[in-house]
Amino acid sequence: MSVNPDVAGRTYPSIPPYQVSREAIRAFAQAVGGENPIHQDLEAARAAGHADLVAPPTFAIIVAQKAEAAVVADGEAGIDFSRVVHADQRFTHHRAIVAGDNLTAATTVDTVRAVGTGAMVTFRTEIIDDDGQAVSTALSSLLVRGEDQ
Amino acid sequence: MSTNTTRPEFEALEKGQEVATRTVELSRADLVRYAAVSGDFNPIHWNQDFATSVGLPNVIAHGMLTMGAAMQVVVDWAGDPSAVIDVQTRFTKPVVVPNQFDTEVRASTALTVSAKVAALDPEARTARVDLTVTAPDLTDPEATADSAAALKVLVKAQAVVACA
């Protein structure tokens, strides 16, 4: 198998705080075709009861992938990023991400499972705010292709 | 531009109801833009020589761009982005994005997104919305977006929406 199964269960260090800016939310929403005014217009966001602009539901991938990078960078895990295919993704939002949030995140390797000569690796990344409250849980599965795949 | 910021009324929803459809055109420039905003600069999403060197037919879209574009269709229906509390998908087929350039970069493919109510939870007042997302199969360099067969590029693409 192309990935070391011993890394299953391991939690990697948290990323430094990621500060969510209005412009990052606006730019991300535009890049995914998000037309909702609550991503773009502060007055619309406040009128809907939000403290600031609200991020798109997949915005959390920015923070999740920063945390997952620690696993990919771990030579012991043995993940060859050039052979990685994104297999599936899920976000469970405990609350919406809004501009002004300071988010940190840490990734745990939930499972490593052989798929032919390759491996399917599932990461669980818990995203928390600077009060330590849960914001989002990201589950990402990556298929690391084997030599003949 | 959508201006709806009100959550859907739970009682007005029915299982099987189609709540939104959208066609999302994609160009190579859209992939570069998504790379910049997401921080995912894997060259399979912008460099054709690199993509083909690792066995891909051509440059392909980020799976997360396809997922993100599909989920925004749900956001615009849901009115308030914070109503979309859970999103998930499997990535089954790559979305091939050929180069299309004459005097400027142009869209060379398009996602077709359709969203239907699949399940209703009266206690939580949530709706599970299932998405069907297709793109033309442009694996063959001779294929064109108009004539190519449609491929399902996402499966089990679901969003849970908190209703009013």
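A: Contact here means heavy atoms within 4.5 Å. The model is a predicted one. With that cut-off, among contacts in chain A between residues at least 6 apart in sequence, 70% join residues at least 24 apart. For chain B, 70% of the contacts between residues at least 6 apart in sequence likewise join residues at least 24 apart.

Chain A has four helices and five strands, which follow the pattern β-α-α-α-α-β-β-β-β along the sequence. Its C-alpha atoms fill a box of roughly 55 × 30 × 20 Å along the principal axes, and 53% of its 149 residues are buried. Chain B has three helices and six strands, and from the N terminus its elements run β-α-α-α-β-β-β-β-β. The C-alpha atoms of chain B fill a box of roughly 55 × 30 × 30 Å along the principal axes, and 51% of its 164 residues count as buried.

UniProt, in an unreviewed entry, gives "domain: MaoC-like" for residues 16-107 of chain B. In the model that span is 36% helix and 18% strand, and its end C-alpha atoms lie 32 Å apart. For chain A, an unreviewed UniProt entry carries the annotation "domain: FAS1-like dehydratase" over residues 17-137. The chain A span is 26% helix and 34% strand, with its end C-alpha atoms 16 Å apart.

Helix α1 of chain B covers residues 28-38. At its start, a side-chain oxygen of Ser27(B) comes to within 3.2 Å of the backbone nitrogen of Ala29(B). Just after the helix, Gly39(B) has a positive phi of about 80 degrees. Between these points, the buried residues of the helix are Arg28(B), Asp30(B), Leu31(B), Tyr34(B), Ala35(B), Val37(B) and Ser38(B). Their packing partners come from two chains: α1 (22-31) and α4 (61-72) of chain A, and β1 (18-26), α2 (48-53) and α3 (63-78) of chain B.

Neighbours within four places in sequence aside, Asn58(B) is in contact with Arg28(B), Gln48(B), Ala51(B), Thr52(B), Val96(B), Val97(B) and Pro98(B).

On the chain A side, Tyr34(B) can be followed to a group of rings. Tyr34(B) forms one aromatic cluster with Tyr18(A), Phe28(A) and Phe59(A). Over all chains there are three aromatic pairs. In one of them, the ring centres of Phe28(A) and Phe59(A) are 5.4 Å apart and the ring planes stand at 75 degrees, so the pair is edge-to-face. This pair links distant parts of the chain, 31 residues apart: Phe28(A) belongs to helix α1 of chain A, whereas Phe59(A) is in the loop between α3 (42-47) and α4 of chain A. Phe28(A) and Phe59(A) are both buried.

Helix α1 of chain A also holds Ile25(A), which is in contact with Val98(A). Val98(A) sits in the loop between β2 and β3 (102-115) of chain A, and its relative accessibility of 14% is why Val98(A) counts as buried. Leaving out neighbours within four places in sequence, the contacts of Val98(A) are Val20(A), Ile25(A), Asp52(A), Leu53(A) and Val54(A). The C-alpha atoms of Val98(A) and Ala51(A) are 7.3 Å apart, although 47 residues separate them along the chain.

The volume of the largest pocket is about 960 Å³. Its lining consists of 37 residues, and Val84(A), His86(A), Asn42(B), Ile44(B) and His45(B) lie nearest its centre. At least two lining residues each come from α4 and β2 (84-93) of chain A and from α3 of chain B. The element that gives the most is α4 of chain A, with six residues.

Notes
Residues numbered from 1 in each chain as written. Chains lettered and ligands numbered in written order. Heavy atoms only, no water. Buried < 20%, exposed > 50% of the residue type's maximum accessible area, 1.4 Å probe, protein only. Polar contact = N/O pair within 3.5 Å; in protein donor to acceptor, adjacent residues only side chain to side chain. UniProt positions renumbered as here; feature names shortened; annotations may be inferred. Phe/Tyr/Trp six-rings, centres within 6.5 Å; stacked < 30°, edge-to-face > 60°. 1 Å grid on protein atoms, 1.4 Å probe; cavity = no way out; pocket = protein on both sides within 12 Å on 5 of 7 lines; lining within 4 Å. Points joined across faces, edges and corners; volume = space filled by probe spheres on them.
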